[in-house]
Amino acid sequence: MSSTTSRIHALDLVRGLALIMGIAFHAGLSFYPGQQVWVVMDSQRAEGIAWTGYWLHMFRMTTFFLMAGYFGHMVYHRRGAGYFIRSRLKRIALPMVAFWFPLLVAMGTAMGWGFSKQYGIPMDQLPPPPPLTAETFPLTHLWFLYLLLVFYVVMLVARLPLALLDRNGTLRQSVSSLISKLLGSPLLVLLLSLPVAASLFMHEGWVEWFGVPTPDIGFVPNTPALVTYGLAFWLGWVLQRENHGLIRLSKLYLPYLAVALALTVGALYILHGMERTSPQLDGNDKLIYTGLYALAIWFWTFGFIGLALRFFNRRGPVARYIADSSYWLYLIHLPIIMAMQVWMLDWSWPAYAKYAFILGTSIPVMLLSYQIMVRHTIIGNLLNGPRKKKEASS
């Protein structure tokens, strides 16, 4: 595990599960008690689903961007800058451009159906969308691809002067070694949490319940998203140089998860009974909450990665399939989830049963579409790269 050329298979699963968590998060939004936070709000609500969404949203994208940085550096280290740029254009930029408009149309249709059904407004009488500008451009849930491209560009540009100043790589290796050694220490969590907490605390109009604001509108991402996900990406990039440092997480996953749970309970206690769609805290309460939330982000992230490293670090067929299919599932899931939420809007089933039905129906259907339309086709080549003969026959 100490070599930068060895692949840690559990991390492929971590990356895939981080995306699948996003499906579970979006599927639950229509069941949150209180005011409207989603396209449609179901006739049945459940506090437990809201708490689950709060928890998933706390660390799923931080985990994803850490893994993206890790695997990005692996590609760069193994194949060089030219191949890295070509592969990122093919697997990140091209899917973003190709899928954006069809997905926008599909989501717009689901949203129109939802507004029509919930408020009794005929679909042909719904107001037109706002004009497209740099500030209003709807990146939709594909914002994660856009932000990845931003981080790739920043990384490539930053490497130019760094490579001139550190020609033999001594400085970069020293930083990687230091971060690797700190990975098993709460000190690193504290250091990472400080800029995240500061960016959230100072963000105007920050809605505490939803954590790091989603940069899904406009081409200029908000500061908390840039800070939080940029730190995660950089950390993954650095850690790939020192794989053996990850061993510490596999040994510390249990206390990290325990601390993360305690921090989350504390944060939820502060928000208990408060409205979810607008800022609620100020003064010391906001300061304490922000600190708890920022710490919880990193304890959950490291604990989740450590758990996977401890128990799932084998190249099993199920884990490999989850890792391979997750990209496609996340790309296509949102209009499907939204349509099912609208369809079930007035069903008398309990909220938990509806939530389970949405996930239990949509994910198998999406997996079937992956198997038939993607896995052994040009789309699969685009998203996951060419499949090896052994994998293709499995």
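Contact is taken here to mean heavy atoms within 4.5 Å. The structure is a predicted model, in which local features need pLDDT of at least 70 and side-chain atom pairs count only at pLDDT 80 or more, whereas totals for chains, interfaces and linings use all residues. Residues are numbered from 1 along each chain as its sequence is written, and side-chain values use heavy atoms, with hydrogens and water left out.

With helices (H or I, at least four residues) and strands (E, at least two) assigned as DSSP runs and numbered from the N terminus, the protein chain contains twelve helices and zero strands, and its order along the sequence reads α-α-α-α-α-α-α-α-α-α-α-α. The radius of gyration of the protein chain is 21 Å, close to the 21 Å that the globule rule gives for 394 residues, so the chain is as compact as a globular protein of that length; the radius is taken over C-alpha atoms, and the rule is 2.2 Å times the number of residues to the power 0.38. The C-alpha trace spans about 65 × 55 × 40 Å along its principal axes. Of the contacts in the protein chain with a separation of 6 or more, 82% are accounted for by residues 24 or more positions apart.

Buried residues (under 20% relative accessible area, with exposed meaning over 50% and partly exposed in between, for a 1.4 Å probe and protein chains only) make up 51% of the 394 residues. The accessible surface, from the Shrake-Rupley method with a 1.4 Å probe, comes to about 18000 Å², and 69% of this belongs to carbon and sulfur atoms. When Lys and Arg are counted as positive and Asp and Glu as negative, with His and the chain ends not counted, and each charge is placed at NZ of Lys, CZ of Arg, CG of Asp or CD of Glu, there are 30 positive and 16 negative side chains, and the centres of the two sets lie 20 Å apart.

A nonpolar core is defined as a set of buried Ala, Val, Leu, Ile, Met, Phe, Trp, Tyr and Cys residues joined through side-chain atoms within 4.5 Å. The largest such core has 127 residues, and those with the most contacts inside it are Phe65, Phe144, Trp298 and Phe302. Helix α2 (residues 47-119) gives the most to this core, with 26 residues. Beyond residues up to four places away in sequence, Phe302 touches Leu66, Leu183, Leu188, Val189, Leu192, Leu235, Leu249 and Tyr256.

Individual positions were then examined. Leu257 lies in helix α7 (residues 246-271) and, neighbours within four places in sequence aside, is in contact with Trp300, Gly303, Phe304 and Leu307. Trp237, in helix α6 (residues 223-239), is buried with a relative accessible area of 8%, and its contacts outside four places in sequence include Gly69, Tyr70, His73 and Arg159.

Trp38 lies in the loop between α1 (9-28) and α2, counts as buried at 17% relative accessibility, and is in contact with residues including His26, Leu334 and Gln341. Thr140, in the loop between α2 and α3 (143-165), is buried with a relative accessible area of 13%. Most residues other than glycine have a negative phi, but Thr140, which is not a glycine, has a positive phi of about 55°.
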